[in-house]
Amino acid sequence: MAVLTITSPSKSASFWSSSSSSLFARCSLTQKSIGFNQSRSRISASNTFKCDLPQPVNYGNGKPMIPILNEKTLPRFLESARMETTVNRSVAKLKVFSGTANPALSQEIAWYMGLELGKINIKRFADGEIYVQLQESVRGCDVYLVQPTCPPANENLMELLIMVDACRRASAKNITAVIPYFGYARADRKTQGRESIAAKLVANLITEAGANRVLACDLHSGQSMGYFDIPVDHVYCQPVILDYLASKRICSDDLVVVSPDVGGVARARAFAKKLSDAPLAIVDKRRHGHNVAEVMNLIGDIKGKVAVMVDDMIDTAGTIAKGAREVYACCTHAVVRF
């Protein structure tokens, strides 16, 4: 039952000075009261009422003081409900949207986080133009856009840029572009004259579109992070591959880690340290063109051993270790075009 009490100022002052118990202890008043039952269908007036509230009032300068919770004057018995409401509001401020590149991955990410994928409308016009519209409000929210630049790379990249722009114009607080496969990372330097550095160009496009942060997985080279003028979170899939190899129960004496080229030696060496400091072998190959490679030499001994080849991506699978008893080709991005 909720009770509303009306007292006159003169008599209330005498009550505070003469009462030896707190307001929230058992007390009786002689003023008129109005009582409401739970159904609020009956209003009754009585000369006295009793109240039992769990928390006493602190007195300061002769005036009652109600405890303050998070700068709000709420009694303690309302604290749990307030905290629960706060948590729900914070969860609502995080939204995950998926592009059309890999909706299955986006759905699994959202499921793992206990969230629902955000509603978004993505379609193509007759001439191939991309149309993006958010179907829910993202004002003041932390938005994550999951869109790898897998084939077709140009289509998926342009779709990501338009998604970022839509979120920015919808007043999102922070926009994180989740790009598991950053397709233009191989064009990170000039190997010949009059070449473009497409990795830097794409980084500028994502930044200018309005992204506040980028999350990428196993970039082709670490220097690509420096092309962005915004923070980049670079995550690695090495633990997943190590767990798989551990399930194969390969003898450490038979194991050798193979780098498919000279540029991947640092990655292979770090991987070998995780495998009981396994020996390292390097494939010396020559590239006669894009996606065309010829193996010239093999530095290291792999004969009769279990070779574990580690790379960030497998495009044409043109580099295969020969002479090994078993070969495990481990990569993060299986582009694989034979």
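**Nonpolar cores**

I looked up the largest nonpolar core, which has 35 residues; Val143, Leu145, Phe182, Ile206, Val214 and Phe228 touch the most other members. A nonpolar core here is a set of buried Ala, Val, Leu, Ile, Met, Phe, Trp, Tyr and Cys residues joined through side-chain atoms within 4.5 Å. Buried means under 20% relative accessible area, exposed over 50%, partly exposed in between (1.4 Å probe, protein chains only).

I then listed the elements that give two or more residues to this core: strands E8 (130-134), E9 (142-146), E10 (174-179) and E11 (213-217), with helices H4 (153-169) and H5 (198-209). H4 gives the most, 7 residues. Helices (H or I, at least four residues) and strands (E, at least two) are DSSP runs, numbered from the N terminus.

I noted that this is a predicted model: local features need pLDDT of at least 70, side-chain atom pairs count only at pLDDT 80 or more, and totals for chains, interfaces and linings use all residues. Residues are numbered from 1 along each chain as its sequence is written, and side-chain values use heavy atoms, with hydrogens and water left out.

Which residues does phenylalanine 182 touch, not counting those up to four places away in sequence? I found Thr149, Ala199, Val202, Ile206, Leu219 and Phe228. Contact means heavy atoms within 4.5 Å.

A second, separate core has 15 residues, including Phe271, Ala278, Val306 and Cys330.

**Whole chain**

I counted 7 helices and 17 strands in the protein chain. Of its 338 residues, 34% count as buried. Among contacts between residues at least 6 apart in sequence, 53% join residues at least 24 apart.

**Cysteines**

I searched the whole structure for disulfides (cysteine sulfur atoms within 2.5 Å) and got 0. For cysteine 167, the nearest cysteine sulfur is that of cysteine 141, 9.8 Å away. Cysteine 167 is buried, at a relative accessible area of 0%.

Cysteine 331 is partly exposed, with a relative accessible area of 21%.

**Cavities**

I ran a 1 Å grid over the protein atoms alone; a cavity is a set of points where a 1.4 Å probe fits but cannot get out, and lining residues have an atom within 4 Å of a point. Volume is the space filled by probe spheres set on the points, which are joined across faces, edges and corners.

The count is 2 cavities of 30 Å³ or more.

Key
On a 1 Å grid over the protein atoms alone, a cavity is a set of points where a 1.4 Å probe fits but cannot get out, and a pocket is an open set with protein on both sides within 12 Å along at least five of seven lines; lining residues have an atom within 4 Å of a point.
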